[in-house]
Amino acid sequence: MFDFQRTINNTIKFSGLGLHTGKKSTMLVHPASENSGIIFKRNDLENDVVIKAEINNVVETNRGTTIGNKGHLVYTVEHFLSAVNGLGIDNAYIVDRYNIPRPIHTYIHTYIHTEHTKHREYTYA
């Protein structure tokens, strides 16, 4: 485990088809500041819809994990969240339409991460 929070060094851009939607998607993953967590922003909507990747925003778990806010959704986030968690990434700002392109792990593991100065906080159930 890492003692300090981490983010990525530079913006990552990749495209692909959504796993369950089959629709083309381009996703940008930006570095984020300490304590921001993993945040998704829908770029296909006129208003700024931001969905934080936290348990209270999970709206569906059938064939994938869908998170949402104010009726707006992002589908199949579990692959991306698994990849960044495995790399010890705590903070990232993701700009996407509504479905995460695949395969995430092929791209994200090649980017170096930056360690923050804030210690990690763990929640135990």
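Visitor: Which residue stands opposite H72 of strand 8?

Guide: In this predicted model, N69 stands opposite H72 in strand 8. The pairing around them is between strand 7 (residues 66–69) and strand 8, in the antiparallel sense, over 3 bridges.

Visitor: What is the order of the strands in the open sheet?

Guide: The order is 6-7-8, and the pairing is antiparallel. Strand 6 (58–60) and strand 8 (72–74) are at the edges; each has a single partner strand, so one side of each lacks a neighbour in the sheet. From one strand to the next, the twist averages 45 degrees.

Visitor: How many salt bridges does a search of the whole structure find, and how should I read a salt bridge?

Guide: Side chains of opposite charge can pair when their charged atoms come close. The search finds 1 salt bridge. R42 forms it with D44, and the closest N and O atoms are 2.8 Å apart.

Visitor: Is R42 buried or exposed?

Guide: R42 counts as buried because its relative accessibility is 8%, and the cut-off for buried is under 20%. D44 is partly exposed, at 34% relative accessible area.

Visitor: Which residues touch the most other members of the largest nonpolar core?

Guide: That core has 18 residues, and V29, F40, F80 and I94 touch the most other members. Elements that each supply at least two residues of the core include strand 3 (24–31), strand 4 (38–42), helix 1 (78–86) and strand 9 (92–96).

Visitor: What is F40 in contact with, leaving aside neighbours within four places in sequence?

Guide: Among the contacts of F40 are V49, V50, I51, I67, V74, F80, L81, I94 and I100.

Terms used
Residues numbered from 1 in each chain as written. Predicted model: local features only at pLDDT ≥ 70, side-chain atom pairs only at ≥ 80, totals over all residues. Heavy atoms only, no water. Salt bridge = Lys/Arg side-chain N within 4 Å of Asp/Glu carboxyl O. Buried < 20%, exposed > 50% of the residue type's maximum accessible area, 1.4 Å probe, protein only. Pairing = 2+ DSSP bridges. Helix = DSSP H or I, 4+ residues; strand = E, 2+ residues; numbered from the N terminus. Axes fitted to C-alpha atoms, helices over the stretch in contact; angles between N-to-C directions. Core = buried A, V, L, I, M, F, W, Y, C linked by side-chain atoms within 4.5 Å. Contact = heavy atoms within 4.5 Å.
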